[in-house]
Amino acid sequence: MDSYERSIELLRFCRSHHKLACTMMRRNGLTAGVPPILDYLHDHNGCIQNELSRNCHLEPATITSILTTMERDGLIERRADPGDRRVWRVYMTGVGAEADKTLRRTSARIAELCFEGFAPEEIDAALGILARITRNMHRAMDTESECCEEKKKNHD
């Protein structure tokens, strides 16, 4: 299998997982964009929006849009930082905590479906490989982003 075919196989995996996850999350009332934010807030409740953007790998404008919807739906609330009124902190509400429980149950079910028929050591090996692939992709995205920013500076 050459590099192109490897890339296509990874794409098939990503699309299949994404489609299954979106279908199951939607069925449980969780819309696109919400799961990574709830997941991050689970361990970092009260973080600032920029931190969410950075750690969820979403653009600040995208985070703002998703948070506005989540706030409207009662999943989160934004409060000005007492030390710096220009900074907004994001807190999960009780409704958000219930949605987070749903997210965790749904995610566990997705993993069960994905790894059906796998031995525990195969699951560990597969997850280790996927973690390495993810780190490589994040490193590549960071490099590409820096490259694009540099080209934009030189063009202006």
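Which residues does Gln49 touch, not counting residues up to four places away in sequence? They are Ile63, Thr64, Leu67, Arg78, Trp88 and Val90, where touching, or contact, means heavy atoms within 4.5 Å.

First, the basis of what I present. This is a predicted model, in which local features need pLDDT of at least 70 and side-chain atom pairs count only at pLDDT 80 or more, while totals for chains, interfaces and linings use all residues. Residues are numbered from 1 along each chain as its sequence is written, and side-chain values use heavy atoms, with hydrogens and water left out.

Let me begin with the overall architecture. The protein chain contains six helices and three strands; helices (H or I, at least four residues) and strands (E, at least two) are DSSP runs, numbered from the N terminus. Read from the N terminus, the order of elements is α-α-β-α-α-β-β-α-α. The C-alpha trace spans about 55 × 50 × 25 Å along its principal axes. Of the 156 residues in the protein chain, 24% are buried. Buried means under 20% relative accessible area, exposed over 50%, and partly exposed in between, with a 1.4 Å probe and protein chains only. Among contacts with a separation of 6 or more, 50% are made by residues 24 or more positions apart.

I turn now to the sheet. Its three strands form an open sheet in the order β1-β3-β2, with antiparallel pairing. Two strands pair if DSSP finds at least two bridges between them. The edge strands are β1 (47-48) and β2 (76-81), each of which pairs on one side only. Strands of a sheet pair through backbone hydrogen bonds, either parallel or antiparallel. Between β1 and β3 there are two bridges, and Ile48 has Arg89 of β3 as its bridge partner. Between β2 and β3 there are six bridges. Here Arg79 is partnered by Arg89 of β3, and Ala80 by Trp88 of β3. A hairpin of two residues joins β2 to β3.

Next, the helices around this sheet. Helix α4 (residues 60-72) lies across β2 and β3 and runs at about 115° to β2; axes are lines fitted to C-alpha atoms, for helices over the stretch in contact, and angles run from 0 to 180 degrees between N-to-C directions. Helix α3 (residues 49-56) has Gln49, Glu51, Leu52, Ser53 and Cys56 buried. The cover over these buried residues of α3 includes α2, β1, α4, β2 and β3. After α3 comes His57, with a positive phi near 55°.

That brings me back to Gln49, which lies in helix α3. Why is Gln49 counted as buried? Its relative accessibility is 15%, which is under the 20% limit.

Thr93 sits in the loop between β3 (84-92) and α5 (94-114). Thr93 counts as buried because its relative accessibility is 19%. Leaving out residues up to four places away in sequence, Thr93 touches Gly74, Leu75, Ile76 and Glu77. Thr93 and Leu75 are 18 residues apart in sequence, yet their C-alpha atoms are 5.5 Å apart in space.

What does Thr93 do at the N-terminal end of α5? Thr93 caps that end, with a side-chain oxygen 3.4 Å from the backbone nitrogen of Val95. This is a polar contact, that is, a pair of N or O atoms within 3.5 Å; within protein, one must be able to donate a hydrogen and the other to accept it, and residues adjacent in sequence count only if both atoms are side-chain atoms.

Finally, α5 itself. At 1.5 Å a residue, its 21 residues should span 30 Å, and the end C-alpha atoms are 30 Å apart, which agrees; the expected span is 1.5 Å times one less than the number of residues. Its buried residues are Gly96, Ala99, Asp100, Thr102, Leu103, Thr106 and Ile110. They lie on the same side of α5 because they cover an arc of only 165° around the axis, the arc being that of the directions from the helix axis to the C-beta atoms. An α-helix has 3.6 residues a turn, so residues three or four places apart point the same way. On the other side of α5, Gly94 and Arg105 are exposed. The cover over the buried residues of α5 includes α1 (3-27), α2 (34-44) and β3.
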